[in-house]
Structure formats: structure tokens, C-alpha cells
Amino acid sequence: FAKYYRNVVGMYLLSAYGMELGSAFRSGYYLVRHIDDVLDGDRQVSCDPYGYVQDLRSQVETGNYRNGSIATLAEHAISHLERKKRLGDDPRLDFLRSIDGIVFDYGRSQERRVLTEEQLEDYYYRTFDPVVNLSLMGLSPSLRSRDIPIMSYGLGRVYSVRDLSVDWTRGTINIPNEVLERANLTISSTLEEIQNSAEVQGWFSSALTATK
């Protein structure tokens with residue numbers, strides 16, 4: 001619980017805005033967090049983690065939830081958002097996009113795959129856009145993620161800097177190939193070498209101050 005204390009407290013505070021909204025936010029968060037933890041190895045399951053997550057995804061996609069499955073958390077969140085959605089909204093699709101982003105992260109971490117700067121920016125958007133959109137769907141009658149795309153890109157950039165030590169050790173390379181080449185670094189470089197690189201630090205600085 002301590003690991004997610006701040007996030008969970010914030011979602012309980014949403015209940016002041018609406019009890020059902022707060023409950024829906026927590027349900028969606030717990031499911032996505034569970035999937036992320038399973039693939040990161042922070043939570044153990046009794047079967048293949050990838051197959052386990054794909055099964056949860058299938059339940060969310062089809063709406064055929066098994067009794068006792070944690071995927072039923074999505075059912076509660078989606079049901080609430082379906083009642084609040086406007087034309088063009090698709091909360092189920094956004095949940096699936098969010099899961100797919102986590103699965104993509106898992107795959108590239110297994111390979112220590114390096115992305116180009118353009119691919120990394122696209123990754124930021126695909127990973128955080130559905131989460132931002134689901135949040136706005138619950139909070140705002142009109143504002144959506146497409147209206148503020150910088151928020152999705154910004155979240156990706158901030159988390160890449162904040163989680164560098166954990167990500168690099170785990171194999172999630174959030175430094176573009178172009179930057180590593182200019183710094184004469186590789187995926188085999190140590191975390192200390194990455195952290196001490198002026199080229200990497202300069203790229204982090206420019207990424208965090210980007211306005212688009």
C-alpha cells in the first residue's frame with residue numbers, strides 16, 4: 001500500500017466530487033496498476049505473466065468477466081464512464097489502449113529495445129493519452145486528451161526522468177538512440193555512466209522544458 005499511498009489518497013479525495021466517480025477511478029487504477037505490477041515482476045501470479053495479462057485484456061474487450069477476476073474492476077469503471085460519455089468517447093477502447101501500452105513496455109524491456117526520438121515521443125502519447133482521456137471523461141463534460149496533447153507527452157517525459165534508475169536497470173530504455181550514440185553509450189552502459197553523461201543530462205533538460 002505504501003508504494004501507491006499518494007495516488008490512492010488522491011482518488012479517495014475525488015469522492016468529495018462524487019462517491020461513484022471516486023469509486024470508478026479507484027477501480028480503473030487498481031486494475032491498470034495490477035497489470036503493470038504483474039509484468040514488471042512486482043506482483044507474482046501462478047502462471048505466465050504475459051498470458052495472464054492477455055486473458056485480463058480479453059475479458060475487458062469482450063465484457064465477459066469471470067467471477068472473482070480482477071478484470072471486473074474495469075466493468076465498474078467502464079459502466080460509470082459509459083453513462084457520462086459524449087459522442088466519440090469509448091472508455092472500453094481507452095482501457096484496452098492503456099493495457100496495450102503496458103504490454104508494449106514489457107516487450108521492449110525484455111529485449112532492452114532502444115527507440116528513436118520520434119518513436120519515444122509516439123510511445124509517450126500512446127501510453128498516457130488513454131489514461132488522460134479516461135480521467136477527463138470522468139471529470140469534464142467537454143475537455144478531452146486531444147484538446148491538451150502536451151499533457152500526455154509531458155507525463156511521459158517527466159516519468160522517464162524520474163524513473164531512470166529503475167527503468168534502466170529493468171531494461172526499459174527511455175533515452176533515444178540518437179542521444180545514446182552522441183554520448184558514446186550503449187544499452188550495456190552502467191546506470192552510473194548514464195547518469196553522469198552530460199549529453200544525457202542535456203537531453204533530459206530539453207525534454208522537460210519542451211513546449212510541444
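Select S160, L164, D167, W168, T172, N174 and I175, and you have the residues that line the largest cavity, where a cavity is a set of points on a 1 Å grid over the protein atoms alone at which a 1.4 Å probe fits but cannot get out, and lining residues have an atom within 4 Å of a point. This is a predicted model, in which local features need pLDDT of at least 70 and side-chain atom pairs count only at pLDDT 80 or more, while totals for chains, interfaces and linings use all residues. Residues are numbered from 1 along each chain as its sequence is written, and side-chain values use heavy atoms, with hydrogens and water left out.

The volume of the largest cavity is about 30 Å³, a volume being the space filled by probe spheres set on grid points that are joined across faces, edges and corners; a search of the whole structure finds one cavity of 30 Å³ or more. Colour helix α8 (residues 164–170) next, since with three residues helix α8 gives the most to this lining; helices here are DSSP runs (H or I, at least four residues), numbered from the N terminus. By class, the lining has three nonpolar, three polar and one charged residues, counting Ala, Val, Leu, Ile, Met, Phe, Trp, Tyr, Cys and Pro as nonpolar, Asp, Glu, Lys and Arg as charged, and the others, Gly among them, as polar.

Now turn to the largest nonpolar core and show I35, V53 and V60, which touch the most other members among its 22 residues; such a core is a set of buried Ala, Val, Leu, Ile, Met, Phe, Trp, Tyr and Cys residues joined through side-chain atoms within 4.5 Å. At least two residues of this core come from each of α2 (19–40), α3 (49–62), α4 (72–84), α5 and α6, and α5 gives the most, with six residues. Centre on I35, which, leaving aside neighbours within four places in sequence, is in contact (heavy atoms within 4.5 Å) with V53, L56, I99 and I102. A second, separate core of 17 residues includes W168, V179, W203 and F204, and W168 is also one of the residues lining the largest cavity.

Move to L96 in helix α5 (residues 91–111), which is buried, with a relative accessible area of 7%; buried means under 20%, exposed over 50% and partly exposed in between, with a 1.4 Å probe and protein chains only. Beyond its neighbours within four places in sequence, L96 is in contact with R57, V60 and E61, and a C-alpha to C-alpha distance drawn from L96 to R57 gives 6.7 Å, although the two are 39 residues apart in sequence.

For N133, select helix α6; N133 counts as buried at 8% relative accessibility, and its contacts, leaving aside neighbours within four places in sequence, are with D94, R144 and S145.

The structure holds seven aromatic pairs, and the one to display is F104 with Y123, whose ring centres are 6.0 Å apart and whose planes lie at 35°, so the pair is tilted. Rings of Phe, Tyr and Trp (its six-membered ring) pair if their centres lie within 6.5 Å, with planes under 30 degrees apart counted as stacked, over 60 as edge-to-face and the rest as tilted.

Finish at N184, in the loop between α9 (177–182) and α10 (191–195), where a positive phi of about 55° occurs although the residue is not a glycine.

Note on methods
1 Å grid on protein atoms, 1.4 Å probe; cavity = no way out; pocket = protein on both sides within 12 Å on 5 of 7 lines; lining within 4 Å.
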